[in-house]
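Hi,

Here is the structure I promised to pass on.

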Amino acid sequence: MKGTAQAAAEQLRSQEELLQLAVSRPRDAIARAQRIMAAQPSPYEASIAHQAVGIVHRDNGDISAGIRELRAALRLARRAGSSDREADVLSSLGAALVYAGKTSQGLAYFERAVRLASDSSLGRVLNRRAALMWALGRYAPALEDLRRALVLLDRAGDPSWTARALNNRGLIYLSLGSPGRADVDLAAAGRIFAQIGHELALVHTVLNRGIASFRSGDLPTALEFFERAERRYQALNVPAPALSQARCAVLRAAGLAGDALAQADTAVREIEKANGRSTKRGELLLMAADCALAADQPQAAIDRARAASRLSQSLKSDWLRAHASLVLIQAQYVVGPAAGRLLAAASQTAIRLDQLRSREAPRAHLLAGRIALGLGRRVDAERHLLAVARTQRHGPAISRASGWLGAALLADALGEPRRMLAACRRGLEVLDDHRWTLGASELRAQATAHGTELATIALRYAAKAGRPRFFLGWAERWRATSVSVPAVRPPADAELNADLAMLRAVTVRLDEARERGAATAALQREQLRLEGAVRARSLLARGTSAAAAGGVDVTELLDQLGDAQLVELVDVDGALYVLLCTADRVRQFRAGVTAEAVRAAEYAGFALRRLARDRPHSDPASTLAILAAAGPRLETALLGPAAGYLGDGPVVVVPPGKLHGIPWALLPALGNRVFSVVPSAAAWLRASTARPPERHHVTLARGPGLTTDGAEVPQVAKLYDDVTVLSGAQATARNVLAALDGAWLGHIAAHGSFRADSPLFSSLRMHDGPLTVYDFEQLGRAPYRLVLSSCDSGVLAPVGADELLGLVASLLPLGTARIVAGVVQLNDRAVVPLMVQLHQHLRAGRGLAESMLLVRREATADPVERAAAVSLLALGAG
């Protein structure tokens, strides 16, 4: 008997070791299983080997191969005559069948496994079934299985399976909206896996803790966990579709919908190519549909949601079906028109998601409430919006903001403006708290998109209220908030700086290869890889603990204006309103429509670029005629009747983000006066009160490749006493940044490049490569005044609600108060005399905006110089 017991114990240890390898070190498991099968094993040993191989194939995405191996393991287990062995294999096979879309058959195998298993193995079987129930959205039976499993596993002293059960329970808590409880279980599971050396299982807990951080609203911590998990998955050479799915969710929540959609579609293609788990494929299709919806691609969302819904039928997954239905209905609502049938479907989906205890249920109620409002079904709207409003004090920030949005929509529908405005205010405050946990300027700017509708509801009311000061307060509440307050400077990051240096080097090599006509594919791939690494690293930056509310104190603003006039343009549902502010009053005007202003600006930009190309043999008369017509057209669309009420003092123009890069000097009302352009009144107020450095140090730099070789730089250098000049090999990114840090005045003559696809990679070309926004963000103190005689250096990308990203947007919150930059292409030769004149006026004690007015007045003879002069804007406080 003693020998029999020892043999059974050895069999169990052998089984446990190999099956643990299958989930911790899969390559080692395959090698060991092959050795066992090559050594004429007993049916029991061969069953373990085939099961281990089957688990590896199943978990690595080859479900068909996994099922074949597991069926072989089942036959061998029956030949061995071991009920526990058969139960163990049945549970592995049952999971594989569910992953393959054969849910009924898979769950039937689990029922057989539960009946066959003894107490010593029942805990494992129950844990496996709980994991399947979680994947199918059946949370209550999953928790009950885990409750029983943890008791049995604790009694058996089984640390490995105890950790798996804790990990699974953490995932269920996440699905039920309890990230705090989830993280406790996940951290405990991770500690056990680390102690017993289960590497792959430990990586899974790292990933899951990242998801818990995300659900708690801590995006930087979530991204840190994901980065750690990715490195470990790569080291183990294991595919990680769950990591792709989690990253997509974070990117989408951060407002980076395009990035999220690209990653989701890639993950779907990879899992389909590998014939991977149907449950995971369904989740990825659903994520791709949701990302497409957020990226304003409703038809793509419909296609992916329908694919996920079809898959839910074979999986018999109510969870997947209900969530796919939500995305499908939301996309159909965007495409329009809304109808009673769509409202019925939305209401039914909301009820089903409530029953499933899904965290997406409030979103479904919000959708149903919107549809009901559009159809005039007030009773239905109230019911659904009340359900949304109940979430305003619970859960992550974005969920709470949605709750306040529901309350605002309800109050608006009931004709209760005070309640509506209070809800809008509270929702935006919640999002303020959330944004300031983010250190990356890109995330901060994109996160404002979550408050767009709250701000719009309030602005619609304010535009009609007939109270201009009140309107101005709301116009400023959610405008360019990221550039109106001090930036969060990331800590010194050696890895980020190393990647930026390598990116500069690769970009230089790429440019040289293009000039030679050499192959560039490999260098382009490396450039994209390094850009991805820089961007990913920057997103890990943490924010501040204290939130800074957006907006401006209107009384303080008017007091600070003096003899200046502030012209704030507000876009409300495509119509432009003008708020003309002076020291003693605010007046409101209705101007044109935003779309017409954009078209007129594109027309003017075309003419300016045409003149900048410096074609001496072409007749500029036709182009000048275009410009002459464009100015009045722009003024009518942008200012309307407000243009006739401008006084004699300087003007501060505060346009919406999408209108920031207009050549404002073309407007007849502005071209012959001192004016500056700023993203928000709050940003102007901060810049106008900024203190200049005591030392009036000037930094001048010129980059390579300019037609004139930056000829203005040596001329300008003669105008100043305390000056640093960097050119040639000295004009590296590092040297230029060091010289600009804390300077009274900086001037960079270099080729500029605006990246609409990724604004933070907009750059100035230095000797060793591009000086990007990521580089500028590491300045201790940006130069007080800065002149950028570079093409497109003043162009900014509108993102989020009404935020801006680009070179200038990065410098204003870092402390630069006054900037001159180009908003279109500039002619190198024409810029030289303009820049010399500009610095002569600055040296005489004039401000940047006044100096630019004098430069424009002096540039009348040469049409190319005139075009360059109106293409340069004074930005900030002027």
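To start with a quick one: is aspartate 296 buried or exposed? Aspartate 296 is exposed, with a relative accessible area of 68%; buried means under 20%, exposed over 50%, and partly exposed in between, using a 1.4 Å probe and protein chains only.

Before the rest, some housekeeping. This is a predicted model, where local features need pLDDT of at least 70, side-chain atom pairs count only at pLDDT 80 or more, and totals for chains, interfaces and linings use all residues. Residues are numbered from 1 along each chain as its sequence is written, and side-chain values use heavy atoms, with hydrogens and water left out.

Most residues other than glycine have a negative phi, and most peptide bonds are trans. Aspartate 296 is not a glycine, yet has a positive phi of about 60 degrees, and its place is the loop between α15 (278–294) and α16 (298–315). (Helices are DSSP runs of H or I with at least four residues, strands are runs of E with at least two, and both are numbered from the N terminus.) Glutamine 40 also has a positive phi, about 50 degrees. Glutamine 40 lies in the loop between α2 (26–37) and α3 (43–59) and counts as exposed at 76% relative accessibility. Then there is a cis peptide bond from glycine 336 to proline 337, with omega near -5 degrees; proline 337 is in the loop between α17 (318–335) and α18 (340–355).

Helix packing

Helix α11 (residues 199–215) packs with helix α13 (residues 241–253) at about 20 degrees, the axes being 10 Å apart. Axes here are lines fitted to C-alpha atoms, for helices over the stretch in contact, and angles run from 0 to 180 degrees between N-to-C directions. So α11 is roughly parallel to α13 (under 35 degrees is roughly parallel, over 145 roughly antiparallel, 65 to 115 roughly perpendicular, the rest oblique). Contact, meaning heavy atoms within 4.5 Å, involves Leu207, Ile211 and Phe214 of α11, and on α13 Ala242, Leu243, Ala246, Ala249, Val250 and Ala253.

Helices α24 (residues 452–464) and α25 (residues 468–477) pack at about 160 degrees with axes 8 Å apart, which means α24 is roughly antiparallel to α25. Here α24 brings Ala458, Leu459, Tyr461, Ala462 and Ala463 to the contact, and α25 brings Phe470, Phe471, Trp474 and Ala475.

Aromatic pair

(Rings of Phe, Tyr and Trp, the last by its six-membered ring, pair if their centres lie within 6.5 Å; planes under 30 degrees apart are stacked, over 60 edge-to-face, the rest tilted.) Tyrosine 461 is partly exposed at 31%, while phenylalanine 470 is buried at 16%.

Two last residues

Phenylalanine 675 sits in strand β5 (residues 675–677) and is buried, at 3% relative accessibility. Its C-alpha is 5.8 Å from that of alanine 849, 174 residues apart along the chain. Leaving aside neighbours within four places in sequence, phenylalanine 675 has contacts including Val651, Trp664, Ala849 and Leu873.

Glutamine 825 is in the loop between β15 (818–822) and α37 (828–843), partly exposed at 29%. Not counting residues up to four places away in sequence, glutamine 825 touches Arg609, Ala612, Arg613, Cys791 and Asp792.

Cheers
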